[in-house]
Amino acid sequence: MVSGRTATSTVRYGEIGRDYAMRLAATPPDEDGPVWMVNLMKYRPRAEYADGRSSDLSGREADDLYAPTGPLAAVGAEVVFVADVDTQLLGQPTWDRIGVVKYPTRRAFIDMQSRPDFVEKHAHKDAGMEQTIVIGCQPLPFPEPSGRTVQPEWTDVPHPPTDDDGPVVVVHVIRFQETDGVTLHGYDHGDGDHMAAYQREAEKVAVPHGVRIAGWLAAEGTIVGDGRQWDQVRFNAFPSRRAFMAVALDPERLEAQAEHRETAIADTFAIITRPVIDTLTRSIEQEDGRA
C-alpha cells in the first residue's frame, strides 16, 4: 500500500502511473496471479472524438460502445461489478459509474492493451470519458464476525429491499493517515488502530440492518488516475438505501465515526451505488477456496 504521488504520463482522461504499469508488465510468471481493477468513471456530457468526427452520443453512450467484452474474454478477464452511482457522499470529483474487472494475471491486463480489437474500441472510451481512476487491487481477508451479533436474512431486517428501493452497494475508496512513515491501514492492528476501533462499533449497528461485506480490497497501485494513491477499496452491501441511511444516522455510529474513522482517514470517496452486475464476492471466494 502506498500514498503520495508517483511517476506518471498523461492521457486525456487521466495520468498513467508508470511505476505501477512497469510492475504489471514485469511481474514474473511464477509470482503473478489475479488482479482486480477498480474503475471510477466520470463521463463527458457529450462524446468528443479525438479524430474530430461528429457525434450525437453522450459520454456514457460512447463508453457503452467501448465495453471491451470480446478482448476481456480473450485474455480470460471477467467483469465482476458494474454499478451506477446513486449518490456520492464524499470526495471530488463526482463519479457516474463504478466497475471492477478481474484479470487472471497482471500480465493479462498488459497484453490486452495491445490487442487490435481493444485498440479499436478504445477510441470510444477516449471520446466518452472525462476522467477515470483505475486501481489495481488484491482481496483482503473477510474479517471474522465478533460474535456479538447474528447476520440476519434481508427478509428479516428493519428496511428490507423493495421494488422501489432495492439493494445498494456503498463503495469506500480510502487513503489512510500516516504516522512515522507507516500507513495505518486500519485492518488488524488491535485496540490502537482507529479504523479497527471504528469497525467494531459500526458492526453493532450495521449487522442488524443486514449489512454485508461484498469485498474489501487492498490497493497495490493506480494505473490511471489524478496523481493520488490509495490504500483500500471497500464494497459494503445494504438491503436498501433506507437501511444505509438508518446505519449512517445512528448516533452511536456517528460518535465512533467522529472519534475514530475521521482520525484514521486522510482522503476518501464514499459512494452509494445501484449494481447492475455484482459477482464480486464470488470472484474473491473462488480464489480463497470458499466458492
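In this predicted model, the axes of helix H2 (residues 59-66) and helix H5 (residues 116-128) come within 7 Å and cross at roughly 165 degrees. Axes are lines fitted to C-alpha atoms, for helices over the stretch in contact, and angles run from 0 to 180 degrees between N-to-C directions. Helices (H or I, at least four residues) and strands (E, at least two) are DSSP runs numbered from the N terminus. H2 and H5 are therefore roughly antiparallel; angles under 35 degrees count as roughly parallel, over 145 as roughly antiparallel, 65 to 115 as roughly perpendicular and the rest as oblique. Their crossing is left-handed, that is, the near helix is turned anticlockwise from the far one by less than a right angle (clockwise for right-handed). H2 contributes Gly59, Ala62, Asp63, Leu65 and Tyr66 to the contact, and H5 contributes Phe118, Lys121, His122, His124, Lys125 and Gly128, where contact means heavy atoms within 4.5 Å. Four of these residues are nonpolar, four polar and three charged; Ala, Val, Leu, Ile, Met, Phe, Trp, Tyr, Cys and Pro count as nonpolar, Asp, Glu, Lys and Arg as charged, and the others, Gly among them, as polar.

Residues are numbered from 1 along each chain as its sequence is written. Local features need pLDDT of at least 70 and side-chain atom pairs count only at pLDDT 80 or more, while totals for chains, interfaces and linings use all residues; side-chain values use heavy atoms, with hydrogens and water left out.

On the H6 side the contact includes His194, Met195 and Tyr198, and on the H8 side Arg253, Gln257 and His260 are among the residues involved. By class, the contact has seven nonpolar, four polar and four charged residues.

Helix H1 (residues 18-26) and helix H4 (residues 106-113) have axes that come within 7 Å and cross at roughly 105 degrees. That makes H1 roughly perpendicular to H4. Ala21, Leu24 and Ala25 of H1 meet Arg106, Arg107, Phe109 and Ile110 of H4. Five of the contact residues are nonpolar, none polar and two charged.

The second largest pocket holds about 790 Å³ of space. It is lined by 38 residues, of which Asn39, Tyr66, Pro68, Phe118 and Lys125 are the closest to its centre. Strand S5 (residues 97-103) gives the largest share of the lining, five residues. The lining has 27 nonpolar, six polar and five charged residues.

A cis peptide bond, with omega about 5 degrees, joins Gln92 and Pro93. Pro93 lies in the loop between strand S4 (78-90) and S5.

How values were computed. 1 Å grid on protein atoms, 1.4 Å probe; cavity = no way out; pocket = protein on both sides within 12 Å on 5 of 7 lines; lining within 4 Å. Points joined across faces, edges and corners; volume = space filled by probe spheres on them.
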